[in-house]
Amino acid sequence: RGGTGRDVRSAITSLESIPLRSCAPAASLLLGKLYQTTGIERAAQAAYKEVVRLQPMAIEAAVALAQLGVPVREILSAQPLHASLPWLVQLLHAHSAAGVCDFSRAHEAFSALASHFERSPHVLLHCARAAALRGREEEALSAYARLRKIDSSALDGIDRYALLLAGRERLAELNVLCTDILACDRSRPEPWVAVAVFWSHKGERARALEYCERALTLDDRHACAHQLKGSLLLASSRPEQAIYSLRKANAIRGELECFVALVDAYTRVEMTREALAAAREAAALMPNCARAHALIGRVLLAMPYGANKARRALAKAYALDPHCQDTVMITVKLDTLESNYAHAIELLEPLLQRHNSEEIHSKLGEMHALNKNFAAALMHFQHALALNANLVSANEGLERIEKLIRAVDKGLDPIQDEMQDDRDELEEY
């Protein structure tokens, strides 16, 4: 695990000197992992298929094939005994859905498995990943928390958990997480990335960058470390260096969050065409991912005369997942530009029933304020602050709405002046 690219290439060369048919299953499994790490997917599939053929219970190899997008029927053809294990077939279908970036289907499949295998770290980890990639952050956080209770030494993907905690301003929990996982293993990159996330959200970007570099010293192909490094460089007003790091993260593992950060970086330096190309690349790699198509809509919406094209991209996203939060929030921005506040509220209210989050409450507050329903706006801003007292948009919205209420009491109508920025400026979501 980990190491430099040179170490990985050296290991591959050593294993390739053994004829594939003469390799022990363990050696073929290792070769498959090394191929997968370096992006040589066809060779990885061949190695994994050989393991599955020789060892009927080589579950790790079968799962790896599903993760690489190999159809389940093809895996079962390589080892027919797998078909007699319904739970394994279900697991392969879940990984297959994730492998083709159909995160809605993957999340539902892993959630179903988690209801039967409540104490399986593997199932909970992938349930959390699928939920996060689908945009269901609260469900992802819940799955990660359950995983930590079952196995506090589990480190795979734990840096993604750290990012989610930081995104929800749960820094006390993040601090405890960092302490625990550093005590488990300091030779893995994930704990150092988690520490970098902590210091980043404390405002110590230089210190966070140092921990990112420490993680990359341990494993220079750790995509999450490159992604976080890129985001930190972007926040430090070094967008060109950020773009380099984010491209590197995408070359290692083209995940949606990397593409989102790359689009942000291109937008920061006003490279709109490059931002659109990155969003379209994400959708091409993840054609079944609603959030990837919503990302195209987001970029188009920021372009002159891009509203109609943005609606078409958002329509594709809705067709894939009608409950995708990213899609709804970007559509709300479009409605705001067109002063269609009632429609924006219609979209947000059902979303709130599924995700009782501070961001949705705050956005509903903004829409109700623009629609001059001050009582509803006040209620939603207060709900948002009850969930997260530090949410900037809710605090600012509450302050504005209180001013507006006082102005209306005096017989004035300042709402167009006070809320103009909500129509003229697209906020980051």
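Contact, in these legends, means heavy atoms within 4.5 Å. Helices (H or I, at least four residues) and strands (E, at least two) are DSSP runs, numbered from the N terminus. The model is predicted, with local features needing pLDDT of at least 70, side-chain atom pairs counting only at pLDDT 80 or more, and totals for chains, interfaces and linings using all residues. Residues are numbered from 1 along each chain as its sequence is written, and side-chain values use heavy atoms, with hydrogens and water left out.

**View 1. Helix 10 sits mostly under cover.** Start with helix 10, residues 158–167, where 8 of the 10 residues are buried. Buried means under 20% relative accessible area, exposed means over 50%, and partly exposed is in between (1.4 Å probe, protein chains only). The buried ones are Ile158, Asp159, Arg160, Tyr161, Ala162, Leu164, Leu165 and Ala166. So what lies over them? The cover includes helix 8, helix 9, helix 11 (171–184), helix 12 (189–201), helix 14 and helix 16 (256–268). Just past the end of helix 10, look for glutamate 169, which takes a positive phi of about 60 degrees.

**View 2. Helix 7 packs against helix 8.** Two packed helices are described by the angle between their axes and the distance between the axes. Here the axes of helix 7 (residues 103–116) and helix 8 (residues 121–134) come within 8 Å and cross at roughly 150 degrees. That makes helix 7 roughly antiparallel to helix 8. (Axes are lines fitted to C-alpha atoms, for helices over the stretch in contact, and angles run from 0 to 180 degrees between N-to-C directions; under 35 degrees counts as roughly parallel, over 145 as roughly antiparallel, 65 to 115 as roughly perpendicular and the rest as oblique.) The crossing of the pair is left-handed, meaning that the near helix is turned anticlockwise from the far one by less than a right angle, while clockwise would be right-handed. Helix 7 brings Phe103, Ser104, Ala106, His107, Glu108, Phe110, Ser111, Leu113 and Ala114 to the contact, and helix 8 brings Val123, Leu124, His126, Cys127, Ala130, Ala131, Leu133 and Arg134. Sorted by class, these residues are 11 nonpolar, 4 polar and 2 charged. (Nonpolar covers Ala, Val, Leu, Ile, Met, Phe, Trp, Tyr, Cys and Pro; charged covers Asp, Glu, Lys and Arg; the others, Gly among them, are polar.)

**View 3. Alanine 106 is a buried spot in helix 7.** Zoom in on alanine 106, with a relative accessibility of 0%. Which residues does alanine 106 contact, leaving aside neighbours within four places in sequence? They are Ala94, Ala97, Ala98 and Ala130.

**View 4. Serine 120 lies in the loop between helix 7 and helix 8.** Is serine 120 buried or exposed? At 18% relative accessibility, serine 120 counts as buried. Its side chain reaches the backbone nitrogen of valine 123 at 3.2 Å.

**View 5. Helix 8 also packs against helix 9.** Follow the chain on to helix 9 (residues 137–150), which packs with helix 8 at an angle of about 160 degrees, the axes being 8 Å apart. The two helices are therefore roughly antiparallel to each other, and their crossing is left-handed. On the helix 8 side, the contact is made by Pro121, Leu124, Leu125, Ala128, Arg129, Ala131 and Ala132; on the helix 9 side, by Glu137, Glu139, Ala140, Ala143, Tyr144, Arg146, Leu147 and Ile150. This contact has 11 nonpolar, no polar and 4 charged residues.

**View 6. Aspartate 326 pairs up with arginine 291.** Aspartate 326 belongs to helix 20 (residues 325–337) and is buried, with a relative accessible area of 10%. The side chains of aspartate 326 and arginine 291 make a polar contact at 2.8 Å. (That term means a pair of N or O atoms within 3.5 Å; within protein, one must be able to donate a hydrogen and the other to accept it, and residues adjacent in sequence count only if both atoms are side-chain atoms.)

**View 7. Serine 237 has a positive phi in a loop.** Serine 237 is not a glycine, yet its phi is about 60 degrees. Its loop runs between helix 14 (223–235) and helix 15 (239–252), and at 58% relative accessibility serine 237 counts as exposed.
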